[in-house]
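Thanks for coming, everyone. I have one structure for you today. Let me put it on the screen.

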Amino acid sequence: MSVREAEPEQQRTSRPKVVALAAVSVVAAIGIAGWLVMSGTNVFTLGQPKMWTAEGLEAFVDDVDEEFGTTEVVEAYLSESYATVEVPVDGDASRTITYKYDGGFTESRKGTRSAEESTGLIDLREFDAVQTMALLPDAPEMVGLADGAVSAIMIRLAYGPDSVVADVPEVSVHVETEFGETGSVRADLAGNVVSIDTD
């Protein structure tokens, strides 16, 4: 009988502790969320790459270096929330593997390229993320599509003046409207505009 009578007493004395711990946890969670909002961090995409920011692009380049031991690549495609990067296979510049990057790398496809396409590489360390990101807000106006939006960024080798091979590193900011109209701002790795193309 004495054991049965002690159980309710134990429950009554332990319940305030549980409530207090829960309250502390809630306050801590609110505090962390508030700090993230005040610091400009998007809580809902925490942990996901934000490719169209200088910080996101610099982190991407660092991760490429860590994953492959080099920042020299065939090309890179950057959407707002993920990227793809094409790298040469060791010992054979004509063979390549493309990986999807969303905070980690997943093999996407394998392919080949000819000498006419160029067997050159682009060093992502030479890519000026800050200057390139500065082009994005004005890109729709620059290509004459004010109601358009940036759809992708490509870093690749392009054909230079009087060149028969793709050998000039280029950053291409693509713009598209909901009606399928497209245009692009082409720049060098330093973010200097080279040309503006409209379809």
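Predicted model: local features only at pLDDT ≥ 70, side-chain atom pairs only at ≥ 80, totals over all residues.

The chain has 199 residues, and 32% of them are buried. Its secondary structure comes to four helices and 10 strands.

How are they ordered along the sequence? The pattern reads α-α-β-β-β-β-β-β-α-α-β-β-β-β. So much for the layout.

Now the contacts. Take those between residues at least 6 apart in sequence: 47% of them join residues at least 24 apart.

Next, strand S2. It covers residues 75-78. Which of its residues lie on the covered face? Ala76 and Leu78 do. Glu75 and Tyr77 are on the uncovered face.

S2 has strand S3, residues 83-89, as a partner. The two run antiparallel, and four bridges join them. What links them in sequence? A hairpin does, through four residues. Look at Tyr77, from the uncovered face of S2. Tyr77 stands opposite Thr84 in S3.

S2 also pairs with strand S7, residues 149-159. This pairing is antiparallel too, over three bridges. Here, pick out Leu78, from the covered face. Leu78 stands opposite Ile153 in S7.

Note on methods: Residues numbered from 1 in each chain as written. Heavy atoms only, no water. Buried < 20%, exposed > 50% of the residue type's maximum accessible area, 1.4 Å probe, protein only. Contact = heavy atoms within 4.5 Å. Pairing = 2+ DSSP bridges.
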